[in-house]
Amino acid sequence: MWIVPLLTGLIGAWLAWDTYSKRGPTITIGFETAAGLTAGQSQLKYKNVVMGTVRSIAIAPDQSHVIVTVDTTREAEPLLLDTTIFWVVKPQLFAGNITGLDTLLSGSYIGMRPQPTATGQAKRNFTGEEDPPILQAWAKGTVFKLQTHRLGSISLGSPVFFRDLEVGMVLGWDLVSLAENVTIHVFVRAPYDQYVHLDTSFWNASGMSIKFNGEGISIQVESLRAVLLGGIAFDTPSDSKEAAAKPYQTFHLYSSHEAARTAGFGHQLQLLSYFPGSVAGLAVGAEVTLYGLKVGEVTGVGLVYDPVKDRIVAPVHYRVEADRVTGIATVKGLEPGKLAEEMIRRGLRATLEAPSLISGSKIVALQVMPDAPPAEMKRDGDIYIIPAMEAGGFDSITRSAAELLSKINRIDFDGIGKSIAGAATGLDNTINGPQIKATLAALEKAMIDVQDIARKLDQGATPAMKRLPEIAAQLQEALASARRLFASLNAGYGDDSRFRRDLDRLLPQLTDTARSFRALADLLSRHPEALIKGRTNTGKE
């Protein structure tokens, strides 16, 4: 009889001892709400292993939150430290990921993330998180700090890229230093954390970058996830000789890849130029160019009164990366200050230019103008003052157009209109005046006289016109008689006439006769006595 009750008591005692031995401490967790949790059903899990069961859910005495009491197991006791995090696992979109889909069927439960590597103390009262942790405790990698003035579109869980590979995520940021800047905590997974050196550059890779250049529109996107959630990218020079960065090393977060690349040129010159005209369209971050290539950026624009020239000028501060001009200092063998002074002596001037007519933005262009007025470089501490001048480009075209419009506006169109109206009135008075009427009357009388003269000439010329055929016949007969006369002269005295042939024979005879008379005259001149004695034959002639 007593065997059955004894066995029952032993089994009950064993079950009680087994239950007690597996039971862990009872803890309380505070949440904003108890959405999805049910007393006696909801469980506490770690890596999908049950670590306890919700015993009760109650409102806190101050009615600001709920207190969930959980009976844990013996296995959970080593994990209940002051560094352990608790949260409610439920379907939600957080940090770009959808979590808790398995709870659609099983119901919500409480998740926990211990940090066994951290030195912590046992704890029984906890405050739960509203969002799940971004990083799991067992993930291997390194945490770094990034300082920036603005957080922008970066959020919890934003990806971190290294050469287009997603190698980490944003864990959060410090709240104590928001008055000065924002310190962002980023986690870089192993083995990619070994590529973070002391000279590594981090920049904001959120959204997309659109640029207008000579080749058209350039659009750069890190990834679709970076567009939606924001992102951070980093890169290390391939020839870096710096040591690997240690955990929680602080870096500066640049606003863009271009800003990070610009900062990598090392030595920078701080320059200042005073522009007397308008600087509309010039903003902080605008490019500074030399021979059309970017060598720096504008860091500040303001207004200041110049008491020397009694005018207001716009001081523009900008920095130039001297190392962009490869070897310029070593070639000249000059220090940066001496080099700037030498270039100013050769005509280096700062000008404002509008790179595009579409956008109203302006840039600072450094140009060498050989015909520039002489100027000297001045210094304000470590800042070099570069003389400013007006130059060509779209800005000068706009300025010329504005001056032309100003000159057109200065034209007295009202006075011109009144002068034209006065001239028209005078012309009307002149046309309708008595002098014009008298002149027209005299002209009309003169035209009548001319018509009368023409009529008389027509009456006198009519008989002559009637005799024209007779006169033409007489002229034709006279021409025929003249033609016959010329033909007769040609027949009697022409080249083929008898007269011409006789004349040709007579001319030689006359020539011979003249020659004989010349010989006789020569003889008489030598022997005048021959006229009386006659010619004697001396044998010599």
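On a 1 Å grid laid over the protein atoms alone, a cavity is a set of points where a 1.4 Å probe fits but cannot get out, and lining residues are those with an atom within 4 Å of a point. The model I am showing is predicted, and local features need pLDDT of at least 70, side-chain atom pairs count only at pLDDT 80 or more, and totals for chains, interfaces and linings use all residues. Residues are numbered from 1 along each chain as its sequence is written, and side-chain values use heavy atoms, with hydrogens and water left out.

Counting cavities of 30 Å³ or more gives one, and the largest cavity holds about 70 Å³ of space, where a volume is the space filled by probe spheres set on the points, and grid points are joined across faces, edges and corners. Its lining consists of Phe31, Glu32, Thr33, Ala35, Val88, Lys90, Glu129 and Glu130. Sorted by class, that lining has three nonpolar, one polar and four charged residues, with Ala, Val, Leu, Ile, Met, Phe, Trp, Tyr, Cys and Pro taken as nonpolar, Asp, Glu, Lys and Arg as charged, and the others, Gly among them, as polar.

Now to the surface. A nonpolar patch is formed by Leu405, Ile408, Ile411, Phe413, Ile416 and Ile420, which together have about 570 Å² of accessible area. Patch residues have over 30% relative accessible area and no salt bridge, and nonpolar side chains (Val, Leu, Ile, Met, Phe, Trp, Tyr) are joined within 5 Å; a salt bridge is a side-chain nitrogen of Lys or Arg within 4 Å of a carboxyl oxygen of Asp or Glu. Areas come from the Shrake-Rupley method with a 1.4 Å probe, and for residues only the protein chains shown count as cover. Helix H7 (394-410) and helix H8 (413-431) each supply at least two of the patch residues, and H8 gives the largest share, three residues; helices here are DSSP runs of H or I with at least four residues, strands are E runs of at least two, and both are numbered from the N terminus.

Finally, the backbone. Most residues other than glycine have a negative phi, and most peptide bonds are trans. Alanine 190 and proline 191, however, are joined by a cis peptide bond, with omega about 5°, and proline 191 sits in the loop between strand S13 (182-189) and strand S14 (201-204). Aspartate 164 has a positive phi, near 70°, in the loop between strand S11 (159-162) and strand S12 (165-173).

Notes: On a 1 Å grid over the protein atoms alone, a cavity is a set of points where a 1.4 Å probe fits but cannot get out, and a pocket is an open set with protein on both sides within 12 Å along at least five of seven lines; lining residues have an atom within 4 Å of a point. Patches are made of residues with over 30% relative accessible area and no salt bridge: like charges are joined within 9 Å, nonpolar side chains (Val, Leu, Ile, Met, Phe, Trp, Tyr) within 5 Å.
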